[in-house]
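Here are a few exercises to work through with the model open in your viewer. Try each task before you read its solution.

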Amino acid sequence: MKQSYKKSRPARQEGFRHKHSLGQNFLTDAALLESLIDEAGVGAEDHILEIGPGGGDMTRLLSGRCKTVTAVEIDRDLIPILRVVMDRAENFTLVEGDILRVNLPEIMMGKTPFHVVANIPYYLTTDLMNLLLGSDLPIRSINVMVQKEAAQRVLARPSTPEYGPLAIRAQYYTSPRLARVVEAACFTPPPKVDSAFLCMPWRDAPAVNVRDERRFFKIVNAAFALRRKTLCNNLIPAFRISREEAEAWLSRANLPATIRGEALTLQQFADLANAETDDPSPI
Ligand code: SAM
């Protein structure tokens, strides 16, 4: 199954023009791409979902190293190029479409569990993270190139400006780590900011014990709705409860009435979600 890597630049040879609107900053350096795949830790037994294969440089390496590669590409101009680049790869499936709209359970059918490995378009980072972290697909890991500041939002700790629903969702389901910072100059064309390759292996069990995940994430979203407000003041409208009820709820979770949402650890959010409330229909 192993393929030799040709250092050609098919996308450029075909006179392809990169589209800024689709976040097309390509990576073509084989050594760098190999090292990213090493960081993802994927191998011969693994099924891969690649989001935005672009000119196919990473796709070709993944196909040589992994069991199957399924790639979803939105740009019609890249489809014929990818078909040529991936011509002889029997373990490769190309899906033309928008990753946010394709039927992922259908296209990954028979290729589960799977790992996501991709240099994603940065404009999609939050939507993609929400899609993958919120899905109940059997995902083993998410390994993605993102803007450095997006990586900081995933890795953020409580009481920092970057901490928010994305960090909590990511750290609840996965164990994210910053594998590499990649300079803008490594991309064609270079983006305006440096990037970071995030490796997020899925946890065997969520980081904290939560009885009702919908309630947990509703609290998390409410806590950051207005960052300058206290947690209490954010819970009142979100759960349609009185100040007294909100303060009693915080107290049952051993939290002071004045605390801000951004100060809570995952465990404290879980304690709040698991604490009994007087409200019979809190969601
Ligand atoms: N993987 C290639 C590489 O590393 O050179 C290209 C990466 S480039 C940052 C992002 C890719 O995602 C582009 O090929 C772009 O056309 C594609 N893309 C953008 N929006 C997309 C979407 N909604 N669904 C699927 N692919 C998308």
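Two strands count as paired if DSSP finds at least two bridges between them. Helices (H or I, at least four residues) and strands (E, at least two) are DSSP runs, numbered from the N terminus. This is a predicted model, where local features need pLDDT of at least 70, side-chain atom pairs count only at pLDDT 80 or more, and totals for chains, interfaces and linings use all residues. Residues are numbered from 1 along each chain as its sequence is written, and side-chain values use heavy atoms, with hydrogens and water left out.

**Exercise 1. Work out which strands flank strand 3 and whether its residues are buried or exposed.**

Start with strand 2 (residues 47–51), which is parallel to strand 3 and linked to it by 5 bridges; here Leu 49 has Thr 70 as its bridge partner. Now go to strand 4 (residues 92–96), also parallel to strand 3 and also linked by 5 bridges; Thr 70 partners Thr 93 there.

Next, burial (buried is under 20% relative accessible area, exposed over 50%, partly exposed in between, with a 1.4 Å probe and protein chains only). In strand 3 (residues 68–73), 6 of 6 residues are buried. In a regular strand, side chains alternate between the two sheet faces. Thr 68, Thr 70 and Val 72 are on one side, Val 69, Ala 71 and Glu 73 on the other, and both faces are covered.

**Exercise 2. Describe how helix 9 packs on helix 12.**

First, the geometry: helix 9 (residues 213–223) and helix 12 (residues 266–274) pack at about 115 degrees with axes 9 Å apart (axes are lines fitted to C-alpha atoms, for helices over the stretch in contact, and angles run from 0 to 180 degrees between N-to-C directions). Second, the contact (heavy atoms within 4.5 Å): Phe 216 and Ile 219 of helix 9 are among the residues making it, as are Phe 269 and Leu 272 of helix 12.
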